[in-house]
Amino acid sequence: PPSREPTLGLRFPEGFVWGAATSAYQIEGAAAVDGRGPSVWDWFSHTPGKIRGGDTGDVAADHYHRYADDLDLIKDLGLHSYRFSVSWSRVVPNGRGPVNPKGLDFYKRLVDGLHDRGITPMLTLYHWDTPQTLHEAGGWENRDTAYRFAEYAAVVAEALGDAVPTWLTINEPKTVVQNGYLMGHHAPGFEDPSAAYIAAHHLMLAHGLAVQAIRPHLGPATRVGAALNLHPCYPADASTEAIAATHELDGFENRLYLDPIFRGSYPQDTLDAIDQFSPMVSNIKDGDLKVIASPVDLLAIQYYTPYYVTGTGETIVRHPVTMASWQQNYPQGMTDILLRVKKDYGDIPLTITENGLPCPDRRSDDGAVDDANRVEFLRSHLAAVHSALEQGVKLESFHVWSLMDNFEWNSGYDERWGLVFIDYETQERVLKRSAHWYQSVIATNGI
Ligand code: PNW
């Protein structure tokens with residue numbers, strides 16, 4: 001039945017691509033099935049006290065076993081594009097050495113299943129699940145990890161090649177740096193500013209090496225890029241101090257990752273600041289920036305929240321906060337970040353690979369899940385996307401985070417981000433109100 005949600009009367013350009021996203025560790029489960037090796041997230045989630053409620057990704061949404069049904073669901077929703085990630089330790093269980101054919105087969109079946117249903121796959125090579133053996137050998141502090149990543153990337157590209165038209169290397173290097181190495185609430189759980197920015201460089205190097213490693217296996221029409229979470233930064237007041245502090249934060253949040261890819265250099269002001277607490281710079285070898293700046297075909301942007309910065313460099317809250325304590329609901333930030341990328345980095349094709357929020361979703365007695373907040377959030381953010389399109393941004397697609405409820409990292413299963421509700425007792429899938437609404441958005445190509 002057509003959705004009865006109110007509409008804003010906004011149409012999207014013909015051919016606009018509608019999708020949803022997931023990642024391997026968050027949905028697959030089957031942690032020790034068919035030869036998968038452990039990843040740093042298995043180790044981290046099994047460490048007492050790290051994850052809310054002691055949850056782990058051992059079973060998650062059991063997508064590894066239920067993928068065929070999930071593909072039918074994706075088809076029912078009418079999605080054009082489905083973004084998923086490959087588990088590195090399923091494909092290369094020890095992070096180096098022998099490839100696990102059963103692991104690769106899973107992704108071949110997944111990609112074939114998408115094509116059978118007329119859905120375009122979008123693949124992320126790394127969504128944070130470093131093989132545990134590589135973590136124990138130093139993880140992202142060890143330059144070698146970047147080379148091992150490129151080897152693994154080539155294995156996946158050789159196996160899937162042009163069946164996947166869009167390849168993304170690293171998901172949100174910044175979140176690994178900040179949440180994993182600085183604040184310690186993601187794997188590997190470090191609070192080590194010195195290590196964090198060594199890791200930052202090696203993550204960027206891994207991106208560049210992977211771009212180079214997969215190109216020979218891909219045809220000219222197949223596209224490669226990185227997935228960056230960008231945060232628009234605004235001064236909290238008009239003082240010169242607040243403006244300066246905002247520029248500084250923007251370096252750490254955005255320019256540190258955008259500049260090396262698109263300008264072939266790290267922002268000098270940010271490097272100078274990092275120099276006070278991390279030997280990042282001495283880990284940058286001759287030629288590294290050329291590798292990191294290997295040409296990409298598109299930029300994948302993930303937008304969740306803005307930052308407001310005071311003259312003393314603190315960030316303050318200006319808008320309603322969602323169930324995720326770090327997220328302010330500010331749709332205009334979406335327009336701003338898209339326009340800013342176009343202005344500062346050129347007219348490169350853009351895709352939005354994540355946007356969404358957690359809601360306290362419950363099933364009511366009639367079995368339905370009424371996530372009215374998600375409908376409102378997505379509608380207002382899509383209006384902001386529409387505004388950016390009208391202002392000439394070359395944006396081709398939008399993916400909701402997430403297709404289904406999943407293991408939300410250190411928040412475990414407590415935060416539900418999906419269009420589709422998962423009953424973790426029965427593994428039943430239920431389309432939420434937002435899923436029905438999104439179906440009609442796709443069907444009408446408008447909001
Ligand atoms: C993203 N922040 O992470 C990830 O790509 C997903 O795996 C995750 O489930 C989703 O967003 C929701 O958290 C982020 O602090 C983590 O701004 C933190 C931030 C942004 C994105």
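Trainee: Which residues does Glu-172 touch, leaving aside those up to four places away in sequence?

Mentor: In this predicted model, Glu-172 touches Trp-128, Ala-227, Asn-229, Gln-302, Tyr-304 and Glu-354. The place of Glu-172 is in the loop between β4 and α8.

Trainee: What makes Glu-172 count as buried?

Mentor: Buried means a relative accessible area under 20%. Glu-172 has 5% relative accessibility, so the residue counts as buried. Glu-354, in strand β10 (residues 350–354), is buried as well, with a relative accessible area of 4%.

Trainee: Which annotation covers Glu-172 and Glu-354?

Mentor: According to UniProt, in an unreviewed entry, the annotation "active site" covers Glu-172 and Glu-354. They are spread over 183 residues of sequence, yet they cluster in space, with a largest C-alpha distance of 10.6 Å. The lining of the largest pocket takes in both Glu-172 and Glu-354.

Trainee: What makes the approach of Glu-354 to Gln-302 a polar contact?

Mentor: The cut-off for a pair of N or O atoms is 3.5 Å. The side chains of Glu-354 and Gln-302 make their polar contact at 3.2 Å, within that limit. Among the other residues that Glu-354 touches are Arg-83, His-127, Asn-171, His-399 and Trp-401.

Trainee: Does the pair Arg-52 and Glu-415 join buried or partly exposed residues, and what does the pair tie together?

Mentor: Arg-52 counts as partly exposed at 40% relative accessibility, whereas Glu-415 is buried at 4%. Their side chains meet in a salt bridge of 3.9 Å, N to O. Arg-52 lies in the loop between α2 (40–45) and α3 (63–77) and Glu-415 in the loop between β11 (395–401) and β12 (420–423), so the pair ties together parts that are 363 residues apart in sequence.

Trainee: Why is the aromatic pair of Trp-43 and Phe-44 called tilted?

Mentor: Planes under 30 degrees apart count as stacked and those over 60 as edge-to-face, the rest being tilted. Trp-43 and Phe-44 have 55° between the planes and lie 6.4 Å centre to centre, so their pair falls in the tilted class.

Trainee: What makes the pair of Phe-407 and Trp-409 edge-to-face?

Mentor: Phe-407 and Trp-409 have 75° between the planes, and an angle over 60 counts as edge-to-face. Their centres are 6.3 Å apart. Phe-407 is buried at 0% relative accessible area, and Trp-409 is buried at 2%. Both belong to one aromatic cluster, which also includes Trp-43, Phe-44 and Trp-128.

Conventions. Residues numbered from 1 in each chain as written. Predicted model: local features only at pLDDT ≥ 70, side-chain atom pairs only at ≥ 80, totals over all residues. Heavy atoms only, no water. Phe/Tyr/Trp six-rings, centres within 6.5 Å; stacked < 30°, edge-to-face > 60°. Buried < 20%, exposed > 50% of the residue type's maximum accessible area, 1.4 Å probe, protein only. UniProt positions renumbered as here; feature names shortened; annotations may be inferred. 1 Å grid on protein atoms, 1.4 Å probe; cavity = no way out; pocket = protein on both sides within 12 Å on 5 of 7 lines; lining within 4 Å. Helix = DSSP H or I, 4+ residues; strand = E, 2+ residues; numbered from the N terminus. Contact = heavy atoms within 4.5 Å. Polar contact = N/O pair within 3.5 Å; in protein donor to acceptor, adjacent residues only side chain to side chain. Salt bridge = Lys/Arg side-chain N within 4 Å of Asp/Glu carboxyl O.
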